[in-house]
Amino acid sequence: MTGFRLETGGRVDRGQTVQFSFDGKSYQGLAGDTLASALLANGVMLFGRSFKYHRPRGVMAAGSEEPNALISVDRGPGRFTPNLRATGVEIYPGLKAVSQNRWPSLKTDFGAINDRLGMFFPAGFYNKTFMWPRSFWDKVYEPAIRKMAGLGDAPTAEDPDHYAATYAHCDLLIVGAGPAGIDAALGYMDTNKRIILVDEQDELGGGALADPALWPWLERSHKALIDAPNVTILTRTTAFGYYHDNFIGVVQRLTDHLPELGDAPREKLLRIRAGEVVLAQGAIERPLVFDGNDTPGVMLSSAARIFANRYGVAVGKAVVLMASHDSGWHDVFALAKAGVGIAAIIDVRERVDSALMHEAERLGIAVHLNHSVMGVTGRHSVRAVQICNNDDYLGRRIDCDAVLMAGGWTPSVHLWSHSKGSLKWRDDLGAYVPDLPNENVVCVGGCSGDWDFGTGAIIDMLPTPKDQSRIKAFVDFQNDVTAKDIKLAVREGFRSIEHIKRYTTNGMATDQGKTSNLNGLQIASSALNKPVADIGLTSFRPPYTPQTFGALAGHAKGALFQPTRTTNIDSWAQAHGAVFELVAQWRRARYFPQSGEDMHAAVNRECVAVRSSVGIFDASTLGKIEVVGPDAAEFLNRMYTNPWKALEPGRCRYGLLLKEDGFITDDGVSARLAPDRFHLTTTTGGAARVLNMMEDYLQTEWPDLDVWLTSTTEQYAVIALQGPNARKLLEPLVEGIDLSAEAFPHMAIREGIICGIPTRLFRVSFTGELGFEINVPTAYGLALWQRLMAQGAQFDITPYGTEAMHVLRAEKGFIIVGQDTDGTVTPFDAGLDWAVGKKKPDFVGKRSMARPDIVAPGRKQLVGLLTDDPNVVLEEGAQIVADPKQPVPMTMIGHVTSSYWSEALGRSIALALVAGGHEMTGDTLHIPMPGKTHTAKVSGLVFYDPEGARLHV
Amino acid sequence: MILIHCPYCDEKRPEIEFVNAGQAHISRPLDPSSQTDEEWEAYLFIRANPRGRHHERWRHVYGCGRFFNAVRDTVTDKFETTYKAGEPRR
Amino acid sequence: MTRFSAFSLFAKALSGHQDWPEQWPDAAPKPAYDAIIVGGGGHGLGAAYYLAKKYGITNVAVLEKGWIGGGNTGRNTTIIRSNYLYDESAHLYDHAVKLWDGLSQELNYNIMYSKRGVMMLAHNVHDVQSLQRHINANRLNGVDNEWLTPEQAKAYCPPLNIAPDARHPVLGAALQRRGGTARHDSVAWGYARAAAALGVDIIQNCAVTGIRRGADGAVEGVETTRGYIASKRVGVSAAGNSSVIMQMADLDFPLESYPLQALVSEPIKPTFPCVVMSNTVHAYMSQSDKGELVIGAGTDQYVSYSQRGALHIVEHTLAAICEIFPIYRRMRMLRTWGGIVDVTPDRSPILGKTPVKGLYVNCGWGTGGFKATPGAGDLLAYTMAKDEPHKINAPFNLDRFRNGRLIDEAAAAAVAH
Amino acid sequence: MSDVLIRNEPVPETQYVAAGVTISLAGPMQRYALRARRAEDLETVFQVTMPRKIGASEGGIACLGPDEWYLRTEAGATIPTASGLPVAITDISDRSICLVLEGPRAAEILMSGCPIDLDNFAIGRATRTIYETVEVIIIREAEDRFHVELWRSFAAWFWIAMTTAARH
């Protein structure tokens with residue numbers, strides 16, 4: 001054979017060679033190779049370095065349980081992927097793989113000093129030191145520890161790939177397409193069930209792929225399943241988590257194996273709801289625990305068989321088997337047949353099935369029963385093993401270049417356990433197997449403990465004459481957890497298996513204990529001298545194998561991450577240079593800067609325009625609810641703090657909504673259109689919350705009321721025209737509505753036509769100026785806005801944004817719920833007593849306002865604040881104190897909720913919540929800021945046109 | 001994502017169509033003003049939070065829009081039953 | 001207690017680490033104790049330690065139904081900070097942060113408190129107002145917290161995406177430099193070891209099944225799966241299971257328990273220097289000493305004790321993480337898990353006396369309990385020792401739900417208008 | 001003066017075509033939320049039979065809840081008033097737009113973010129449900145044609161979601 005590639009055999013395409021590189025060196029493999037099989041074929045044994053001791057490591061397994069051979073793949077900018085298993089990376093022309101956790105190179109790694117000093121780094125060592133001198137922790141110890149941490153390098157650029165996601169439904173989901181899974185699929189193929197069959201490998205077959213005798217059956221079955229219309233086959237697809245009610249998380253890998261990426265998503269998340277689930281995940285072979293069992297070239301015997309029969313690769317030219325289980329013998333016989341040289345079979349058992357002995361004899365393989373490997377010669381690759389007799393420890397050396405471990409099998413019960421199915425311990429298998437299901441699911445084949453691998457002895461570690469406190473016999477290979485670490489944990493009082501796991505980190509590596517948990521349990525069991533079943537088992541958690549963040553995020557990226565809601569007029573604002581702000585899910589124009597204007601200048605100009613002529617504002621985002629039915633007024637009367645029954649059709653009223661705890665949750669102006677019909681408005685952020693709250697009371701507390709709620713937020717585009725010229729601008733555009741002050745007073749609503757479109761026209765004002773809010777069917781919002789802009793040119797109509805709106809309302813002392821209130825403010829605190837119906841026996845939140853602390857003095861109350869220096873605009877959120885001289889921690893009596901420069905007043909204004917504020921008018925308060933303490937006087941809430949003359953024109 | 005049987009739609013629908021609305025069968029006192037502070041506290045805040053059989057409310061907000069009641073085991077997360085608002089406690 | 005130090009480690013190494021003693025003995029219950037702590041998490045073990053260390057009550061048992069530190073202590077994302085808005089909260093959490101500092105030396109157990117800084121992101125105008133309010137309040141309370149511009153935030157945490165066209169652009173951040181992380185298991189083990197050394201019995205696999213009270217209604221002891229244990233002082237620190245224990249004393253509590261999930265990535269070389277939280281996008285993340293990205297996910301919407309969460313919660317969390325830190329889109333999720341968080345109506349804890357004489361409670365920490373571990377332990381110990389709350393935990397009483405003096409940090413963050 | 005204003009739609013009015021599916025905006029129509037304790041009252045008002053089973057739809061009226069129906073009819077049609085009966089009739093014509101997904105992949109594309117089993121969703125059936133985080137009403141008009149009603153402000157986002165799913 002050439003290198004380690006066998007002359008014949010395997011499923012690789014010998015006609016198609018593939019060029020790839022590892023650590024910069026170029027290699028040749030065959031189509032169908034994994035990085036592991038291709039490198040082994042090239043005689044490469046050294047793949048990586050372990051986490052803690054930086055020990056040289058090779059390939060231990062052939063599948064997703066591989067703990068050692070972790071590498072990074074670099075596909076160019078943003079496409080660097082660390083910690084991939086060489087056994088799962090399919091090679092393609094140009095594949096660039098690099099090793100990890102070593103410096104300067106894989107062969108000579110300075111980190112390996114940790115291995116020499118290993119005796120000083122037992123489990124939990126970091127708890128015991130790095131404490132003195134104290135200052136060294138932050139500056140010296142921790143930075144050093146962190147430098148050592150981690151395996152692969154972190155990605156440094158944004159991933160250009162995209163990921164897809166979908167929901168899927170089926171009657172039967174089969175996880176694992178080995179013989180058991182395929183048999184299940186064939187069995188149900190002729191029913192009318194919708195079947196999905198998933199397997200993590202690149203082709204169906206599982207264990208059968210390493211058994212040429214089964215290939216004809218495999219081909220036939222594969223074809224039958226492909227032809228079945230009700231069967232969907234998904235390869236390179238991992239079922240990673242089993243959630244409530246047969247909801248399975250699955251990820252399909254679509255492009256990583258392709259030389260050219262194209263436009264396809266890299267991976268796709270399938271969220272599958274299955275009627276019934278068949279788990280056929282197979283079993284994982286268990287390594288044996290002995291000194292040097294991590295030397296490159298020491299691997300699972302089943303893996304060697306897979307490399308030979310599936311990939312046509314010999315893992316060595318003189319191979320030794322160390323077995324405690326029959327299955328290893330069968331593997332070795334298969335290897336011998338495939339042309340791999342076998343140096344010896346060593347079995348820890350005193351006797352084995354005679355058939356095995358005869359076959360070994362027939363193949364001329366030397367057998368050493370009742371023997372164990374006590375040591376391995378070679379650092380970067382195996383050169384020989386020392387074996388010894390288990391009774392007299394007499395030893396001998398056997399030259400070899402690979403050691404196979406056959407320590408028995410562990411059923412893959414991961415998904416079964418995610419689903420909360422129970423497990424039972426089987427002494428004969430030395431493993432946990434599925435017991436009672438918690439969902440509609442069955443386990444078949446290897447993962448149910450049902451296999452024909454033969455029998456074996458269950459041992460914690462191989463007998464050895466060596467001082468066990470001096471040897472390195474690995475249990476968790478990646479995390480460098482040795483048998484003596486587990487014994488140390490037990491010695492130090494860690495008895496629960498969860499404690500042992502956390503103290504030693506056994507089973508916490510990227511393979512999540514697939515090859516280490518059971519050996520760890522056995523060793524703990526002997527150390528504690530308790531049966532394994534009495535120690536418990538660490539819980540299995542999703543994912544079964546690591547899954548890409550991007551795949552779990554799915555489409556939710558960039559523009560699709562979360563919806564940004566936009567109004568019908570948004571495109572105009574965008575085109576006219578608006579600066580936007582995000583409010584709840586909405587995007588709103590904050591201000592419209594003209595050339596050279598900053599926010600301050602733009603907002604001043606917008607405010608002046610509203611006060612002097614007319615401004616136009618997109619208020620479409622305000623929540624709207626249509627309340628209809630004979631009991632509409634009664635319902636609102638129970639929900640809102642103020643009375644509603646007497647409100648006449650055609651009139652509006654400010655409504656204040658509390659939560660049952662008595663604190664303000666929303667407000668808005670609402671109109672009565674007819675005796676049985678109201679048009680409510682809510683805050684932009686509150687719309688959904690308020691509707692849900694009202695539905696809750698309506699459906700569960702007052703189901704007797706004949707009233708129904710419909711969200712009309714998006715039925716209407718709302719344009720606010722505010723300013724002394726608003727009426728003049730509007731008059732010529734409106735039909736069927738008399739806009740005169742007498743016919744259409746402040747806080748009224750009229751229905752009519754504007755520019756040929758039906759409108760609900762409100763005469764309301766959030767600015768203190770003569771104002772209208774025009775509601776039209778949403779699709780006409782933009783066109784109406786453009787008509788108003790054209791028509792308004794004569795008045796220098798000025799679009800204004802949310803910032804100017806905030807200033808204008810603050811000048812009038814109108815609150816903004818969520819800014820001037822914070823979920824702990826009552827109507828009285830906010831100075832809104834006038835909005836509370838004194839005579840009403842009940843409304844939502846009323847009773848809570850009578851609680852002791854709510855009626856107690858000293859509550860924070862909303863007041864106006866005028867800085868002594870009119871040019872100082874306080875910071876919103878600034879804290880207020882009575883005595884600025886006091887030491888820190890200071891007693892804070894309140895904070896600034898709103899603060900602006902008021903161009904109309906030529907000075908700054910602010911609103912603040914201040915303890916006992918309503919009794920402090922005229923008092924001077926202090927606002928200590930870094931560098932300077934500001935002073936301000938408490939004032940009323942209304943700064944501009946207190947008598948409201950400008951409204952009623 | 002659990003499946004929830006909506007008693008109005010009479011079918012099992014995925015959890016994200018629903019919002020949980022807290023403990024069931026806590027009805028608002030007919031005359032809150034007559035409540036003592038303790039009684040009012042109990043209505044507002046005190047919850048059974050049982051480990052096991054739990055009466056709770058759900059709203060099929062992205063479906064028929066109805067609030068309804070359910071009995072669910074809080075250890076297994078499995079539903080025992082769901083029933084319409086206003087029906088007696090089960 | 002064998003003193004831990006580089007020297008003892010070296011000395012023991014020479015003898016192959018054969019003679020390390022148990023870090024704490026696995027005690028069997030005695031018939032009676034001066035004080036019993038129900039719940040062997042960080043809070044409960046801390047309370048036992050401080051009872052013995054500061055308040056002279058050493059005849060103490062900690063009863064844990066499973067293994068110590070196995071609840072939320074061992075399931076959280078280990079974030080430590082104290083930049084809370086209200087005075088009551090700021091004083092409570094800062095009391096804890098002061099104790100975190102130097103805790104390794106006090107316990108002679110390295111709990112790996114890493115002052116990496118906790119950065120909270122502002123994504124809209126309202127967030128900015130809210131964080132500014134926090135910063136100003138913290139400054140006057142003597143709690144460090146400073147404002148960073150987007151550029152400063154990026155300089156402090158390079159993986160952060162501050163592109164102005166992001167769906168949730170970063171408008172700035174509040175940074176508490178003393179904030180950070182600690183090794184959660186070590187906190188439980190360190191307190192257990194130090195408490196045991198002072199005479200405290202750590203009793204595992206001992207579930208409380210009942211609370212026995214005398215004619216006057218006062219606590220006399222607890223029934224457990226390992227028999228009756230007498231004590232006139234019982235402190236309950238049982239997190240998600242608090243309601244269940246309290247009902248044994250016929251007390252209904254203002255609590256609901258929800259599943260909270262968290263997850264870690266595969267370990268990678270150092271890439272993420274601090275802790276970042278975003279309440280608007282609902283994500284928080286740090287990198288552990290081992291190299292894993294540690295990510296907090298959201299809570300499910302329903303009451304559950306299953307310690308099991310839904311996939312869509314994890315999907316939303318990772319979508320958020322990938323938005324704020326796009327370079328991690330190719331990273332891989334290694335492990336997810338769930339805890340049970342007990343949440344009060346105002347999302348602030350309950351720490352103090354109960355209507356039952358001799359029964360004390362520490363619960364309702366929601367998703368934020370780990371950061372308070374030393375403080376909560378100390379204050380529960382104080383309250384049990386003096387039969388009255390310390391002034392720091394006095395506001396976190398049960399009465400507030402009756403009289404309306406709630407401490408609602410979340411409400412203060414308020415809603416977008 | 002009554003110059004007629006033109007409508008402004010949130011998504012392209014030209015059809016999007018991908019393998020196995022086309023996505024297009026349905027023309028303007030009138031939409032009404034009809035609510036009543038007793039379907040009979042609405043039948044009196046509208047002089048039609050209201051579908052009784054939640055999810056059923058006939059004659060442009062879909063039953064979405066025990067007391068809720070969703071009426072879709074051509075623009076300009078006259079809608080009766082409650083005439084004193086305890087019913088609620090609310091105009092929501094412009095609240096939503098309707099996207100039409102047509103082709104063998106229509107169901108698959110909706111299921112990219114909609115968790116219900118649209119393969120087992122009878123022709124003529126209508127339901128309110130959710131796509132990712134956005135409320136939608138899905139009506140199966142034919143084996144390979146779905147109508148998706150969603151609120152306008154989400155339409156731009158939803159259009160990208162649909163076309164992205166269709167592209168993959």
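How many residues does the contact take from chain A and from chain D? The model is predicted. In it, this contact takes 41 residues from chain A and 37 residues from chain D. By class, the side of chain A that touches chain D holds 21 nonpolar, 14 polar and six charged residues.

Chain A also touches chain C. Here the contact takes 96 residues from chain A and 81 residues from chain C. Several elements of chain C each supply at least two residues of the side that touches chain A. Among them are helix 1 (6-14), helix 4 (103-107), helix 5 (125-140) and helix 7 (184-197). Helix 9 (311-324), strand 17 (332-343) and helix 12 (409-413) of chain C belong to this list as well. Helix 9 of chain C gives the most to this side, with eight residues. The side of chain C that touches chain A is made up of 37 nonpolar, 25 polar and 19 charged residues.

Strand pairing also links these two chains. Strand 29 (residues 547-548) of chain A pairs with strand 17 of chain C. The pairing is antiparallel and runs over two bridges. Within it, Arg332(C) of strand 17 of chain C stands opposite Thr548(A).

Chain C itself is divided by the domain assignment into domain 1 and domain 2. Domain 1 of chain C covers residues 27-82, 84-109, 183-254 and 346-413. Domain 2 of chain C covers 118-177 and 256-343. The centres of the two domains, taken over C-alpha atoms, are separated by 27 Å. Their contact takes 23 residues from domain 1 of chain C and 26 residues from domain 2 of chain C. On the domain 1 side, helix 3 (87-100) and helix 8 (242-247) of chain C each supply at least two residues. Helix 3 of chain C gives the most to that side, with three residues. The residues of the side of domain 1 of chain C that touches domain 2 of chain C comprise six nonpolar, 11 polar and six charged.

Within chain A, strand 22 (residues 402-406) was examined for burial and pairing. Five of its five residues are buried, so strand 22 of chain A is largely enclosed by the rest of the structure. Ala402(A), Leu404(A) and Ala406(A) point one way from the strand. Val403(A) and Met405(A) point the other way. Residues on both faces are buried.

Strand 22 of chain A has parallel partners. Strand 15 (residues 298-300) of chain A pairs with strand 22 in the parallel sense over three bridges. In this pairing, Leu300(A) has Met405(A) as its bridge partner. Strand 16 (residues 319-323) of chain A also runs parallel to strand 22, joined to it by five bridges. Here Val319(A) is bridged to Ala402(A).

Chain B has one helix and six strands. From the N terminus on, its elements run β-β-β-α-β-β-β. The chain has 90 residues, of which 44% count as buried. Its C-alpha atoms fill a box of roughly 40 × 30 × 20 Å along the principal axes. Among contacts in chain B between residues at least 6 apart in sequence, 50% join residues at least 24 apart.

Technical notes
Residues numbered from 1 in each chain as written. Chains lettered and ligands numbered in written order. Predicted model: local features only at pLDDT ≥ 70, side-chain atom pairs only at ≥ 80, totals over all residues. Contact = placed C-beta atoms within 7 Å. Nonpolar A, V, L, I, M, F, W, Y, C, P; charged D, E, K, R; others polar. Helix = DSSP H or I, 4+ residues; strand = E, 2+ residues; numbered from the N terminus. Pairing = 2+ DSSP bridges. Buried ≥ 20, exposed ≤ 12 C-beta atoms within 10 Å, placed from the backbone. Domains from an automatic or database assignment.
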